[in-house]
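Trainee: I would like a close look at a single part of this model. Please then connect that part to the rest of the chain.

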Amino acid sequence: MPRPVLRLIGNLLIAGGVAGAGALGIGVAWAAIGGGDLPAHGWIALLLGVFGAVFLAWGLMSLAFKSDREGWDDRVDNRFDPGAGDDHEP
């Protein structure tokens, strides 16, 4: 397998492990505060929410890094930005 594919798979496994550990921790904390047992549908919803949040954050951050690396931010047309001509930093 090519190296980038292995790296992607490794990153996905790490993100999945973090999401699973977070979901398990939230479930244990819920039971510890007296929230009762979480039914199967609750666990499914919790896992989907945690996995969704982790993968959405990972995807958006990877797009931000890709945009910065490839210079997409420098190609933006700022003619109509009122503060674009200022040479001083706030």
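Trainee: Is Arg 75 buried or exposed, and what is its relative accessible area?

Mentor: Arg 75 is exposed, at a relative accessible area of 53%; the cut-offs are under 20% for buried, over 50% for exposed and partly exposed in between, with a 1.4 Å probe and protein chains only. Some ground rules apply. The model is predicted, so local features need pLDDT of at least 70 and side-chain atom pairs count only at pLDDT 80 or more, while totals for chains, interfaces and linings use all residues. Residues are numbered from 1 along each chain as its sequence is written, and side-chain values use heavy atoms, with hydrogens and water left out.

Arg 75 sits in the segment after α2. Helices here are DSSP runs of H or I with at least four residues, strands are runs of E with at least two, and both are numbered from the N terminus.

Ser 67, by contrast, belongs to helix α2 and is buried, with a relative accessible area of 16%. Leaving out residues up to four places away in sequence, Ser 67 touches Trp 72 and Asp 73, where contact means heavy atoms within 4.5 Å. Across the chain, 10% of the 90 residues count as buried.

Now the helices themselves. The chain has two helices and zero strands. Its radius of gyration is 21 Å, well over the 12 Å that the globule rule gives for 90 residues, so the chain is more spread out than a compact globule. That radius is taken over C-alpha atoms, and the rule is 2.2 Å times the number of residues to the power 0.38. Along the principal axes, the C-alpha atoms fill a box of roughly 60 × 40 × 20 Å.

The axes of α1 (residues 3-32) and α2 (residues 40-70) come within 9 Å and cross at roughly 140°. This makes α1 oblique to α2, since angles under 35 degrees count as roughly parallel, over 145 as roughly antiparallel, 65 to 115 as roughly perpendicular and the rest as oblique. On the α1 side, the residues in contact include Leu 8, Ala 15, Ala 19 and Ile 26, and on the α2 side they include Trp 43, Val 50, Phe 51 and Trp 58. The contact residues divide into 15 nonpolar, four polar and no charged; Ala, Val, Leu, Ile, Met, Phe, Trp, Tyr, Cys and Pro count as nonpolar, Asp, Glu, Lys and Arg as charged, and the others, Gly among them, as polar.

Gly 52 of helix α2 is partly exposed, at 37% relative accessible area, and its C-alpha atom is separated by 8.8 Å from that of Ala 19, 33 residues apart along the chain. Arg 7 of helix α1 is exposed, at 62%.

Terms used
Axes fitted to C-alpha atoms, helices over the stretch in contact; angles between N-to-C directions.
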